[in-house]
Amino acid sequence: MRYFIVAGNWKMNKTVDEAVALVEELNQKLTPELQGEANVIVAPPYVVLPQVISSLWENSNISVAAQNCHQNESGAYTGEVSAQMLKAIEADAVIIGHSERREYFKESNADIAAKVDAAIANELVPIFCCGEVLEERKAGEHFNVIKTQIEESLFHLTEGAFSKVVVAYEPVWAIGTGETATPEQAQEIHAFIRGIIAEQYNQQIADDTSILYGGSCKPGNAKDLFANPDVDGGLIGGASLKADDFIAIVEALKVKS
Ligand code: PGA
């Protein structure tokens with residue numbers, strides 16, 4: 001089933017007190033009318049996940065994701081957190097393969113494939129990120145780059161496993177830069193991604209995959225981006241750190257109804 005999703009990637013922001021205050025504000029302001037059909041997810045840093053999860057425990061339509069996980073269940077991996085540990089605190093999802101993880105922590109497509117497997121094995125929804133850097137777009141290589149990222153990290157999955165995955169297209173040149181892909185650029189890549197999923201699996205699986213756009217998505221441009229038929233919502237960085245901005249982006253998803 002294809003879901004409409006707005007997910008907030010808080011990155012390395014918010015202490016426990018700040019995080020709890022933000023989710024409480026979100027929970028209070030996000031009325032069913034504003035939320036509509038949107039599935040809303042927040043992805044806080046690891047150390048605040050338990051508190052965020054418990055403050056959303058009752059009366060909330062907000063799900064919680066981690067921003068990363070390790071591919072192994074346990075062991076001598078100093079500083080890492082496994083998918084099994086995230087499941088144990090009742091996280092719902094995990095962002096995998098974000099471009100900042102690829103760039104700063106040298107995650108390869110193979111690492112990301114293993115993390116996707118770990119997430120699925122632990123019944124966490126993997127929010128798999130892909131996207132090209134500016135030089136790749138300028139050189140006209142963006143389609144190939146995205147295809148390779150998806151092939152090497154997702155196409156080993158069975159149909160059943162693939163159907164658990166949410167894909168986020170995030171052009172690296174648009175992340176945190178204030179420069180957004182145009183609605184046309186986003187639609188072009190989203191349609192391309194859906195096309196390669198249909199080729200690998202089938203049209204039904206492709207039609208059922210949620211494909212989110214990320215990269216300087218803001219209250220002012222969200223509606224135009226989400227209006228595209230292959231854009232099923234957004235993965236939001238900077239604008240997810242303020243309740244009113246994030247809620248305005250959630251509300252923009254009403255363009256789908
Ligand atoms: P941004 O980040 O909205 O701040 O550009 C998006 C992301 O990195 O997921």
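Let's start at Asn122. Leaving aside neighbours within four places in sequence, Asn122 is in contact with Ala83, Gln84 and Lys87. Contact here means heavy atoms within 4.5 Å.

A word on the model. It is predicted, so local features need pLDDT of at least 70 and side-chain atom pairs count only at pLDDT 80 or more, while totals for chains, interfaces and linings use all residues. Residues are numbered from 1 along each chain as its sequence is written, and side-chain values use heavy atoms, with hydrogens and water left out.

Back to Asn122. This residue sits in the loop between helix H6 (109-121) and strand S5 (125-130). Helices (H or I, at least four residues) and strands (E, at least two) are DSSP runs, numbered from the N terminus. Asn122 has 15% relative accessibility and counts as buried. Buried means under 20% relative accessible area, exposed over 50%, partly exposed in between, with a 1.4 Å probe and protein chains only. A polar atom of the Asn122 side chain lies 2.9 Å from the backbone oxygen of Ala118. That is a polar contact: a pair of N or O atoms within 3.5 Å; within protein, one must be able to donate a hydrogen and the other to accept it, and residues adjacent in sequence count only if both atoms are side-chain atoms.

Next, the ligand. Which residues come nearest? Of the 13 residues around the ligand, they are Lys11, His98, Glu170, Gly176 and Ser216. Being near means that a heavy atom of the residue lies within 4 Å. By class, the shell has four nonpolar, seven polar and two charged residues. In this scheme Ala, Val, Leu, Ile, Met, Phe, Trp, Tyr, Cys and Pro are nonpolar, Asp, Glu, Lys and Arg are charged, and the others, Gly among them, are polar.

Now the distances. His98 places a polar side-chain atom 2.7 Å from a ligand oxygen. Gly176 has a polar backbone atom 2.7 Å from an oxygen atom of the ligand. For Ser216, a polar backbone atom is again 2.7 Å from a ligand oxygen. How much of the ligand does the protein bury? Taken alone, the ligand exposes 280 Å², and the protein buries 96% of that. Those areas come from the Shrake-Rupley method with a 1.4 Å probe; for residues, only the protein chains shown count as cover.

Glu90 is in the loop between helix H4 (83-88) and strand S4 (93-96). Glu90 is partly exposed, at 46% relative accessible area.

On to charge. Side chains of opposite charge can pair when their charged atoms come close. How many salt bridges does the whole structure hold? The search finds eleven. The criterion is a side-chain nitrogen of Lys or Arg within 4 Å of a carboxyl oxygen of Asp or Glu.

Take Asp232 and Arg2. Their side chains meet in a salt bridge, 2.9 Å from N to O. Asp232 is in the loop between H12 and S8, Arg2 in the segment before S1, and they are 230 residues apart. Asp232 is buried at 0% relative accessibility, whereas Arg2 is partly exposed at 24%.

Then Lys29 and Asp244. Their closest N and O atoms are 2.9 Å apart. Lys29 is in helix H1 and Asp244 in helix H13, so this pair ties together parts 215 residues apart in sequence. Both ends are partly exposed: Lys29 at 31%, Asp244 at 49%.

Arg137 is buried at 15%, and Glu132 is buried at 0%. There is also a network: salt bridges with shared partners join Arg2, Arg194, Asp230 and Asp232.

Asp230 is in the loop between H12 and S8. It counts as buried, at 13% relative accessibility. Beyond residues up to four places away, Asp230 touches Arg2, Gln187, His190, Ala191, Arg194 and Ile211.

Last, helix H13, residues 243-252. Its buried residues are Ala243, Phe246, Ile247, Ile249, Val250 and Ala252. What do they pack against? Strand S1 (5-9), helix H1 (16-29), helix H2 (32-35), strand S2 (39-43), helix H12 (222-226) and strand S8 (233-236).
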